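User: I would like to go through this chain with you, piece by piece. Could you take my questions as they come?

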Amino acid sequence: MKNKMTKTIRVICLCLALCLTLSSCSSANAGGNTENLSGSENNTSSEFEGESMGTEIYDDTEVDPDEGGDTEGGNGDDTTDAPQVSDEEKLWADRFIANVSSVLQVRKSPSTDATVVGKMEAGAYGVVVEKGEEWTKIVSGTVEGYVATRYCLFGEDARNKVSELSEKVAVVNGNNLRLRDKASTKGHVMTKLSKGVELKVNTSAKVAEGWVAVYYGKGTYYLSADYVIIKAKEKTALTTAEKKAKDKAEAKEKDKQEDTMVAAKQQIAMDEASDLEFLATIIWCEAGAEPYEAQLAVGACVVNRKEHKDYPNTIKKVILQKSQFSPVGSGWFLKALMRGDASASCYKAAKAALAGEDNTNGCRSFRKASTGRKGVIYGKIVFFSNN
């Protein structure tokens, strides 16, 4: 009986202990859930803060690169490492040039049978409208049409080649720049050029350092390289009418330049010629086909004028005096002087006259003997004085 009670008591104790244990575990679980929820809230809060921080960095770098990324590391500016394209490269992106030695024809349609609507000289440029394998549609100047693709260079190739193909011009960069007949300061001054004048460069001429060879009139002359700017002359296509007008204007300007050069050469010849050359030449012009006596008499008349109060006091001035000797007025005298036409007998007569020999007895004028004028006659010329 006693043992039975004891067992019963033990069972009751075990049950109580079990209840207490279960109650304790339940409390522990309830407390643990509270900590985990708190931890979950902390973790959730931390993750949001991280995302929020990340969003702010993203915004600073990508959306507003002037703040944050650009200031700190410059990573926001992707343009710094991008290749830079110059204005000139942009300009030539859709350009082409005529890659020919003479002239490139521009045709109305893409065919060699089509009408020629314009012409492009070597190095002339235009804009590509549509590039084709055989023909390219272009616009150049006032001309629109088609050119053979194989005779063109495009884009960067055109830009690199245009200077080589284009005509070079020297632009005068100062007032009254001297154009000389030699590449030296000892060369004769042929004329003086105003600022801005452009002259075609003679690229084939061999020139001393510091000088530039240019075309002027029908010849090649020289300018100091210090006072000119060399550049490639830009050209575009020309219509037939434009080309004709251009050629006409250039021919007119060339003739004008040549007249200037002729006058300059004549002046140089006159300035540098001696009295002997002057006198021998006027004798040649007035009496070259006459006997020596007539030649000497012409020379004596000139010398006698120089010594007279009514005439200039130098041989050159006497001969060049206006309306006195017809060969001077006609230009024949200067041409003969420049060519050195005077014969040996004319030089002999001139030397004798300058030395004082006079076979006219002081005469100062002459004309054809056929006029009937009285005086000293030699050959077909009569010599006389008005007073």
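User: What is the mean pLDDT of the chain?

Analyst: The mean is 83, and 78% of the residues reach 70 or more.

User: Where does pLDDT stay under 50?

Analyst: That applies over residues 25-76, for which the model has 16 contacts beyond four places in sequence. Where pLDDT is low, the predicted coordinates should not be read in detail.

User: Are the faces of E1 buried or exposed?

Analyst: Both faces of E1, which spans residues 95-98, are covered. Arg 95 and Ile 97 are buried on one side, and Phe 96 and Ala 98 are buried on the other.

User: How many residues of E13 are buried?

Analyst: Strand E13 (residues 219-224) is mostly covered, with 5 of its 6 residues buried.

User: What is the order of the open sheet that contains E8?

Analyst: The order is E11-E8-E14, an open sheet of 3 strands with antiparallel pairing. Its edge strands are E11 (198-200) and E14 (228-232), each of which pairs on one side only. On average, neighbouring strands of this sheet are turned by 30° against each other, direction ignored. Strand E8 (residues 168-172) pairs with E14 over 5 bridges in the antiparallel sense, and Val 172 has Val 228 as its bridge partner in E14.

User: And the open sheet with E15: what order does it have?

Analyst: This open sheet of 3 strands runs in the order E15-E17-E16, with antiparallel pairing. Strand E15 (365-368) and strand E16 (376-378) are the edge strands, each pairing on one side only. Its neighbouring strands are turned by 30° against each other on average, again with direction ignored. E16 and strand E17 (residues 381-384) are joined by 3 bridges, and Val 376 stands opposite Phe 383 in E17.

User: Which residues is Thr 360 in contact with, leaving aside neighbours within four places in sequence?

Analyst: Thr 360 is in contact with Val 376 and Phe 383, and also with Ala 297, Ala 300 and Asn 304. Thr 360 is found in the loop between helix H11 (344-354) and E15. The side chains of Thr 360 and Asp 358 are joined by a polar contact of 2.6 Å.

User: Why does Thr 360 count as buried?

Analyst: Thr 360 is buried because its relative accessible area is 2%, and the cut-off for buried is under 20%.

User: Where is Ala 342 found?

Analyst: Ala 342 is in the loop between helix H10 (332-339) and H11. Ala 342 counts as buried, at 13% relative accessibility. Beyond four places in sequence, Ala 342 is in contact with Ala 280, Thr 281, Trp 284 and Tyr 347. The C-alpha atoms of Ala 342 and Phe 278 are separated by 9.5 Å, although these residues are 64 residues apart along the chain.

User: Lastly, helix H5. How many residues has it, and what span does it reach?

Analyst: Helix H5 (residues 240-272) has 33 residues and reaches 47 Å from its first C-alpha to its last, close to the 48 Å expected at 1.5 Å a residue. Residues buried in H5 include Gln 257, Glu 258, Met 261 and Ala 264, as well as Gln 266, Ile 268, Ala 269 and Met 270.

Conventions. Residues are numbered from 1 along each chain as its sequence is written. This is a predicted model: local features need pLDDT of at least 70, side-chain atom pairs count only at pLDDT 80 or more; totals for chains, interfaces and linings use all residues. Side-chain values use heavy atoms; hydrogens and water are left out. Two strands pair if DSSP finds at least two bridges between them. Helices (H or I, at least four residues) and strands (E, at least two) are DSSP runs, numbered from the N terminus. Axes are lines fitted to C-alpha atoms, for helices over the stretch in contact, and angles run from 0 to 180 degrees between N-to-C directions. pLDDT is the predictor's confidence in each residue, from 0 to 100. Contact means heavy atoms within 4.5 Å. Buried means under 20% relative accessible area, exposed over 50%, partly exposed in between (1.4 Å probe, protein chains only). A polar contact is a pair of N or O atoms within 3.5 Å; within protein, one must be able to donate a hydrogen and the other to accept it, and residues adjacent in sequence count only if both atoms are side-chain atoms. The expected span of a helix is 1.5 Å times one less than its number of residues.
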